[in-house]
Amino acid sequence: MNGIAKISSGAEDLLQKFAALPQAELEHQAATLRDSAHPDLITYSRKVFIPLTQLCRDVCHYCTFAHPPRKGERAFLTADEILKVARDGAEAGCKEALFTLGDKPELRYQMVRRELAEMGHATTLSYLADMAALVHRETGLLPHLNPGVLTREDMLALRKVSVSQGLMLESLSERLTQKGMAHHGSPDKQPAARLETLRLAGELAVPFTTGILIGIGETRLERLESLVAIQELQARYGHIQEVIIQNFRAKPGTRMAEAPEPDLNELRWTIACARLIFGPEMNIQAPPNLSPGGLAPLVGAGINDWGGVSPVTPDFVNPEAPWPHLDALARDTAACGKRLSERLALYPAYARTPKRWLEPAMETAILQASDADGLARTEDWSPGTVLALPVPESIALPAPRGELLRTLAKAEAGENLSEAEIVSLFQARGPAFEAVCQAADRVRAEMSGDVIRYVVNRNINYTNICYFRCQFCAFSKGKMSENLRGRPYDLKHEEIARRVAEGWQRGATEVCMQGGIHPDYSGQTYLDICRTVKEAAPDMHIHAFSPLEVWQGAETLGIPLRDFLAQLKGAGLGSLPGTAAEILDDEIRAIICADKINTRQWLEVMETAHSLGIKTTSTIMYGHVETPNHWARHLLRLRELQARTGGFTEFVPLPFVHMEAPVYLKGQARKGPTYREAILMHAVARLALHPHISNIQTSWVKMGPEGAKACLNAGANDLGGTLMNETITRSAGASWGQEMPPEEMDALIASIDRTPERRSTLYGPVEAERIGASLAAGPLMETINNPPQRIKNTNINHA
């Protein structure tokens, strides 16, 4: 049986199966299947429509987009005209530039060939490639190209300047190319040629949009044959990111002006069949401006996407059908029980795996325009910035699903959540987001009441010289680091002691110390630093040394990890910071800190410390290249260790500050978490770690005061430390200050009707004398960053 015969046979079986079902049942099955993968959202892309040329060698009998040359009109939009449209779109918040054009008009019209030659191009596709690159370069819009039937060479050239391409299959029916039918006289509508373009896109890993046009003379069987052919290509290559079910609209002035249009039942039937053929994950789209009976029937039939909608340009293919206003579309979608969410031209599943699907330049553009789910980033806020917080949605949205509410109830009861359940909480938006935050806040109130705690501490980063190459770090300096802002330094012990003594005088109970991994440092260095601190202020709690420093310290001394930790404890170490965790998943660590200790080693340091009675904090550094699945695995690993040891005092989310980070400057990371993601990290951590870790801390340095308040209303109960000289976050480009004095801490906490309380590092009480000293503290003396001595050790042994 050849390919076409096999497709036909499969379609006949499907037609019998679907025909046996009442349409209401067919649609119910389709909607239920859709909800298993797309439960809450209907997506759309905010775009500008750029009709590069409306000349075409084909003569489809339903089309008003293409027309013959007109006297006094150019064949193509000029570069200036294109940029005007693109800039208007970018200003209106659009992210997609949709280029639509007639198919190879130069093969039919001499004036097209002449105009192309005048512009220095031999083909329409060459001009298209130049204009797509121009628009992206000048405006940042992401090009999606609909250029028609393509050769391998053409598709590869266009892949370099676009994030996705598209070609409607329309129909697999050869009948429609016969005289008197819709595609007669249109060589580019030959089904075999269009299928070959779809196949090439799969072979070349081009994210692709396709679909069918219903009501142009095809039968139901022929529709199913077309869908089955698309599905076979999708099963082979996985490149079809959406399938459009578009209904024919009769247009005056065409040969099909009097042809009957498909009714709503036909459209719904075809959508439901498409969903059942392609399964839950596929994006099934129906244009909202072409629906003859409102949007609810289309949602009920199984769609999960409205396609591109433009606030700037008309639908040039269907000019009689204006786009809905986006506010109205959001309200209508909410009335269907779904939330309208903006996506990019590249769908989320493809945006989350950009290396497979995109050229490097386009990969960067997608990363920096997307959130952790792969949807469009719709806000300017990033951690460390002083920008205003995003404004909440004003549209009434549907209530959270029962499944999410059951997960929240399970978490509030202290039951362990699965990875899938934690991911579902991280993906909450709209009312679901509010429900997650409220549940987390209830658990916070149960665990710690209305008290918000903080510690008065002195932050000392004793060196910024580091031979590791962590791609997120803008702090470290030196020959073997990613040299960025500031001069390298290596503090002398006298300066460390001076800062410790000054911190104690200003009311500090803790000194928090970490630094780069200096090539000349050994385990003895860390032991000496501890002794220096204790000599300067015997009662100061030493909260110091990341698990990476501990691991390297043990290695340099050639002693077991446990023995080195015992020596540190004997030298005065009180607790370990839980930094260097980043993301506890080696898939991500291979990207952002490949030469650092791995997940197993980090956990080993912490478990060993806990076994020696050394308490530690725990952290996550998120918002760069990872996904919510990685967040969930990180939390599960912390929860499992805490359940065994009980040694974590708190969990501290550390949002990625992107501005000066090497991985961002190289175009390989997002702009940190979105505001929604940052709040959710605190809320979901509260729920996923309950009841094992009772304290969730928010970083005022990274979140800013207003962001910190939001976190304190979403499960967090701790404001961290006053710091006195924070440098790592500021090196990454953050704008918030180096110190938040106790008076400001108290005022921030009181502003949300909570009670401030001073704590020790280990959450014990603080003596009145220390509180008094902190309230009477004078200004900090200027710090001295001692220049480094010549590095002696060049025989580096990475972990």
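A205 lies in the loop between α7 (191-203) and β5 (208-214); helices (H or I, at least four residues) and strands (E, at least two) are DSSP runs numbered from the N terminus. The model is predicted: local features need pLDDT of at least 70, side-chain atom pairs count only at pLDDT 80 or more, and totals for chains, interfaces and linings use all residues. Residues are numbered from 1 along each chain as its sequence is written, and side-chain values use heavy atoms, with hydrogens and water left out.

The phi angle of A205 is near 55°, a positive value in a residue other than glycine. A205 has 15% relative accessibility and so counts as buried. Buried means under 20% relative accessible area, exposed over 50%, and partly exposed in between, with a 1.4 Å probe and protein chains only. E582 also has a positive phi, near 50°, and is a residue other than glycine. The loop that holds E582 runs between β14 (573-576) and α22 (586-592). With a relative accessible area of 6%, E582 is buried.

## Overall dimensions

The protein contains 30 helices and 18 strands. Its C-alpha atoms fill a box of roughly 95 × 55 × 50 Å along the principal axes. For 799 residues, a compact globule would have a radius of gyration near 28 Å, and the 30 Å of the protein agrees with this. The radius is taken over C-alpha atoms, and the globule rule is 2.2 Å times the number of residues to the power 0.38.

Of the 799 residues, 60% count as buried. Among contacts with a separation of 6 or more, 78% are between residues 24 or more positions apart; contact means heavy atoms within 4.5 Å.

## Strand β1 and its partners

Twelve of the 13 residues of strand β1 (residues 41-53) are buried, so the strand is largely enclosed by the rest of the structure. Strands β1 and β2 (residues 96-101) pair in the parallel sense over six bridges, where pairing requires that DSSP finds at least two bridges between the strands. Strand β1, helix α3 (residues 79-91) and β2 form a right-handed β-α-β unit. Right-handed means that, with the strands pointing away from the viewer, the path from the first strand over the helix to the second runs clockwise.

Strand β1 also pairs in the parallel sense with β9 (residues 339-343), over five bridges, and Y44 stands opposite E342 in β9. Three bridges join β1 to the parallel strand β8 (residues 305-309), in which D305 is the bridge partner of T43.

## Nonpolar cores

The largest nonpolar core has 121 residues, of which V436, M513, F545, L568, L576 and W602 touch the most other members. Helix α26 (residues 675-688) gives the most to this core, with ten residues. A nonpolar core is a set of buried Ala, Val, Leu, Ile, Met, Phe, Trp, Tyr and Cys residues joined through side-chain atoms within 4.5 Å. Not counting residues up to four places away in sequence, V436 touches L404, L408, L425, A428, L680, A683, V684 and L687. A second, separate core of 86 residues includes A30, L295, L326 and A330. In soluble globular proteins, nonpolar side chains tend to be buried together.

L561 is in helix α21 (residues 561-570) and counts as buried at 10% relative accessibility. Leaving aside neighbours within four places in sequence, L561 is in contact with V550, W551, A554, E604, V605 and T608. L561 and L638 are 77 residues apart in sequence, and their C-alpha atoms are 20 Å apart in space.

Q642 is in helix α24 (residues 628-645) and is buried, with a relative accessible area of 5%. Beyond its neighbours within four places in sequence, Q642 is in contact with G647, F648, H692 and I693. The peptide bond from H690 to P691 is cis, with omega near 5°. P691 is in the loop between α26 and α27 (700-712).

## Cysteines

The structure holds zero disulfides, a disulfide being a pair of cysteine sulfur atoms within 2.5 Å. For C711, the closest cysteine sulfur is that of C437, at 8.8 Å, too far for a bond. C711 is buried, with a relative accessible area of 0%. C593 also counts as buried, at 1% relative accessibility.
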